[in-house]
Amino acid sequence: MRYELFVGLRYLRAKRKEAFISLITLIAMAGVMIGVMTLNVVLAVMTGFEEDLRDRILGFNPHVIVVSFEGPLSGYDEVLEKVRGVPGVVAAAPFVYGQVMVSHGEAVTGAVVRGIRVGEEAVVDVKKLLRQGSLEGLETRKEPPELLLGGELARQLGATPGDEVQVISPLGTPSAVGFLPRSRRFRVGGVFESGMSEYDAALVYMRLEEAQSFFELGDAVTGVEVRVERIERADRVARAIEGVLGFPYRVRSWMDINHNLFSALKLEKTVYFIVLLLIVLVAAFNIVATLIMVVMEKKKDIAILKSMGATAAGVGRIFVFKGLVIGVVGTLLGNVAGYVACWALRRYEFIELPKDVFYVSTLPVKIYPEYFLLVTAASLFICLLATLYPARQAARLLPVDVIRYE
């Protein structure tokens, strides 16, 4: 063991007259531990919120959307063939998108219709979102045709599976007396719940062919929806699809569509990280104070070490090692405490959130080792910086001055 580390460890064990310095050392270590633990827990919770929100959005939305600047796609079979040949694409299917009004009895509300295919070609797994009814009406043609309503939309209309609703399109059909809104009766085949009221209150799923007929698109569709193998690479796959298709097609990934939302979440997580890092910074000031007092207390020891041949750099390293030991122990304890706290939050879910404010009932927690490593690196760097000034003062101490004044 190097003598600098040996002496630094010995200085951690205070004598009786140095009990106050030892207390400050423990406070500094506890401050580092609390700061690291808090950082780890907050990052895990923020990451959990971000990924839970992402999974909910992508649970009933495609990863990539292909549309045309020229309007509806009429020859989409060729587009589908090209898209399915792009590496990373798992599934691709046409879809129809349109705005309507839905009425049932005296209740009327606006909604968004999505005409999709279910089964093997499906990009969105509607079946796992279904809470009432079945997908039979979306898999086969029926009369009247069936549709699926979002849970909140069904509650607003007072409709249940088996009820008939009127779907009205704002796009009129020309007649002798002017444009008349298109209207058609549908039967509610099922009710789905996505967990996000914004979608459950305004989304209607319809069989692709029925949506084409209702919006009078003929054989055309609004666009092509795509599911990719790895959602974090959706943007890269989207650029590859755009390169294959060229103009006039426009390709957007879920990252592009929800850019503002996820950018805000990322910025919020970064701000939390910086703000909570100040807790570690406060603990680092305690390390500075501890080391300065140790330097003042150990002037005679430093003078003796220099008289025996210790270099200024070696004396400085003694106090660097002492400060780093405080930082390392505090950081390790903080990581352990943070992991235990995250595990307890995820396992027992003892913190409940108000359902009318958040879309989840308990704190979502996602633990990633790289975040723990990032916090560890930041904490140790701050603790290292905190040792430099006291170590420099100790290295500059002259034995002759100590002999003269002590």
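What we have is a predicted model, where local features need pLDDT of at least 70, side-chain atom pairs count only at pLDDT 80 or more, and totals for chains, interfaces and linings use all residues. Residues are numbered from 1 along each chain as its sequence is written, and side-chain values use heavy atoms, with hydrogens and water left out.

Let's begin with the pockets. The largest pocket holds about 560 Å³ of space. A pocket here is an open set of points on a 1 Å grid over the protein atoms alone, where a 1.4 Å probe fits, with protein on both sides within 12 Å along at least five of seven lines; lining residues have an atom within 4 Å of a point. The volume is the space filled by probe spheres set on the points, which are joined across faces, edges and corners. Of its 20 lining residues, Glu-50, Phe-262, Lys-266, Lys-269 and Tyr-371 are the closest to the centre. H10 gives the largest share of that lining, 7 residues; helices are DSSP runs of H or I, at least four residues, and strands are E runs of at least two, numbered from the N terminus.

Now for the second largest pocket, at about 410 Å³. Its 18 lining residues include Asn-61, Ile-65, Tyr-97, Arg-114 and Ile-257, the closest to its centre. Among the elements giving it two or more residues are strands S1 (64-68), S2 (89-104) and S3 (107-116).

Finally, the helices: the axes of H12 (residues 312-348) and H13 (residues 369-395) come within 8 Å and cross at roughly 155°; axes are lines fitted to C-alpha atoms over the stretch in contact, and angles run from 0 to 180 degrees between N-to-C directions. That makes H12 roughly antiparallel to H13, a word used for angles over 145 degrees.

How values were computed. Angles under 35 degrees count as roughly parallel, over 145 as roughly antiparallel, 65 to 115 as roughly perpendicular and the rest as oblique.
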